Amino acid sequence: MKKTIIGDAVLYHAPMEEVIRELGHADHIFTDPPFLYLKQDFDKPFDESLLFENAKRILPDNGFISLFGRGTSFYRWNTRLAELGFKFREELVWDKRRSSGIAKHITRVHETISVHTKKTGILNTPRVPYEEMRAYSLDRIAYDLRRISSRLDKPDGIEKLKIVIAEKKARLEFDAHSKYGVSFSEDRMYADTCCERLCMIENGMLEKSIISIGRTHCNAVHPTQKPTYLAKRIIALISSPGDTIYDPFMGSGSFGVACMDMGRKYIGSEISAEYYKTAVDRIKQSGYENGRDSEAGLEASEEGQA
Ligand SMILES: C[S@@+](CC[C@H](N)C(=O)[O-])C[C@H]1O[C@@H](n2cnc3c(N)ncnc32)[C@H](O)[C@@H]1O
């Protein structure tokens with residue numbers, strides 16, 4: 001078993017089955033397992049019971065396990081987690097915008113992600129930057145700007161808007177869940193739609209269950225590589241800075257790069273020598289190599305337990 005440490009990331013060239021047995025703790029598991037329907041080398045069956053039983057052992061009560069998946073295997077994994085006592089928290093859809101391959105009957109442009117907690121985990125309510133939530137769509141941004149200008153064109157518009165913004169701000173600070181757009185009168189309603197958009201631009205927007213992010217195409221280094229930014233959106237939902245996230249099926253290390261960018265500690269395992277090397281290179285390139293690098297057996301690591 002090979003091990004490389006890059007700053008707060010620990011990467012294993014080893015099957016998940018070997019690594020998870022030895023792991024003592026992770027705050028969360030976030031992974032993209034082999035979906036078990038592709039006719040590619042890396043899409044091979046793994047020991048599902050071992051993964052989920054050990055997930056229960058290593059996670060704290062408020063830890064999350066979040067999985068990508070599709071079809072029968074995905075439903076089986078989710079059912080298995082429920083049988084083990086995990087609690088389902090959320091289902092997210094990744095809208096890839098473009099098809100990932102030639103589909104027989106439909107153009108498939110999404111993947112599904114499920115989020116479960118071992119017992120008591122509560123999802124965060126991160127605010128996603130406005131332009132990212134609007135998927136950089138000029139049409140959608142232009143629509144919001146039109147709504148804003150419709151208010152500003154009215155007499156006293158700015159004054160009324162200031163009042164509503166002050167109220168909204170107070171409410172926002174009080175409760176991150178607060179809904180925009182509450183209206184009391186026609187004037188207030190106009191101010192609200194305008195204010196809603198200004199607040200969205202200023203403070204970002206609450207995450208949605210459908211995350212629209214284009215696939216990594218031209219510079220992809222793994223056939224099923226996930227965009228780092230997609231990983232960040234999910235990491236923001238399930239974890240806090242300083243948490244340790246284990247990714248049993250690391251692939252090219254996209255989740256590792258995201259964890260490093262977001263101040264999370266990362267543990268990854270990958271069975272393929274080629275993808276392991278790719279992950280090591282990508283995580284090194286992400287610029288968090290201040291820690292030491294080493295290659296050693298899991299047993300021989302200086303931390304003792306991984
Ligand atoms: C769906 S891919 C992950 C892609 C990754 N999210 C990325 O962005 O590059 C699954 C990976 O799991 C690896 N794998 C398959 N079985 C494994 C096992 N038992 N232990 C560890 N890795 C395994 C495959 O080689 C493949 O790279």
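Buried residues have a relative accessible area under 20%, exposed ones over 50%, and partly exposed ones fall in between (1.4 Å probe, protein chains only). The structure shown is a predicted model, in which local features need pLDDT of at least 70 and side-chain atom pairs count only at pLDDT 80 or more, while totals for chains, interfaces and linings use all residues. Residues are numbered from 1 along each chain as its sequence is written, and side-chain values use heavy atoms, with hydrogens and water left out.

**View 1. The shell around the ligand.**

View 2. The side chain of His-222 has an N or O atom 2.8 Å from an oxygen atom of the ligand. In the side chain of Glu-17, an N or O atom sits 3.0 Å from a ligand nitrogen atom. Ile-271 takes part through its backbone, with an N or O atom 3.2 Å from a nitrogen atom of the ligand. On its own the ligand has 610 Å² of accessible area, and the protein covers 98% of this. Accessible areas come from the Shrake-Rupley method with a 1.4 Å probe, and for residues only the protein chains shown count as cover.

**View 3. Strand 5 and its two partners.** Helices (H or I, at least four residues) and strands (E, at least two) are DSSP runs, numbered from the N terminus. Two strands pair if DSSP finds at least two bridges between them. Strand 5 (residues 87-95) pairs with strand 6 (residues 110-117) over 8 bridges in the antiparallel sense. To find your place, look for Lys-87, which stands opposite Thr-117 in strand 6. Strand 5 and strand 9 (residues 210-212) run parallel and are joined by 3 bridges. Trp-94 has Ile-211 of strand 9 as its bridge partner.

**View 4. The salt bridge of Asp-32 and Lys-226.** The structure holds 12 salt bridges, each a side-chain nitrogen of Lys or Arg within 4 Å of a carboxyl oxygen of Asp or Glu. In the one between Asp-32 and Lys-226, the closest N and O atoms are 2.9 Å apart. Asp-32 lies in the loop between strand 3 (28-31) and helix 2 (48-58) and Lys-226 in the loop between strand 9 and helix 8 (228-238), so the pair ties together parts that are 194 residues apart in sequence. Asp-32 is buried at a relative accessible area of 13%, and Lys-226 is buried at 4%. A network of salt bridges links Asp-32, Lys-96, Glu-111 and Lys-226.

**View 5. Arg-134, Asp-144 and the loop between helix 4 and helix 5.** Arg-134 and Asp-144 meet through their side chains in a salt bridge of 2.8 Å, N to O. Arg-134 is in the loop between helix 4 (130-133) and helix 5 (138-152), and Asp-144, 10 residues apart from it, is in helix 5. Arg-134 is buried, with 11% relative accessible area, and Asp-144 is buried at 0%. The loop also holds Ala-135 and Tyr-136. Phi of Ala-135 is near 55°, a positive value in a residue other than glycine; phi of Tyr-136, likewise not a glycine, is positive and near 55°. Ala-135 is buried at 13%, whereas Tyr-136 is exposed at 53% relative accessibility.

View 6. Asp-261 and Lys-232 form a salt bridge, with their closest N and O atoms 2.9 Å apart. Asp-261 belongs to helix 9 (residues 254-261) and Lys-232 to helix 8, 29 residues apart. Asp-261 is partly exposed at 34% relative accessible area, and Lys-232 is partly exposed at 22%.

**View 7. Asp-247 in strand 10.** Strand 10 (residues 244-247) contains Asp-247, a buried residue with a relative accessible area of 1%. Asp-247 and Ile-20 are 227 residues apart in sequence, and their C-alpha atoms are 10.0 Å apart in space.

Methods. A polar contact is a pair of N or O atoms within 3.5 Å; within protein, one must be able to donate a hydrogen and the other to accept it, and residues adjacent in sequence count only if both atoms are side-chain atoms.
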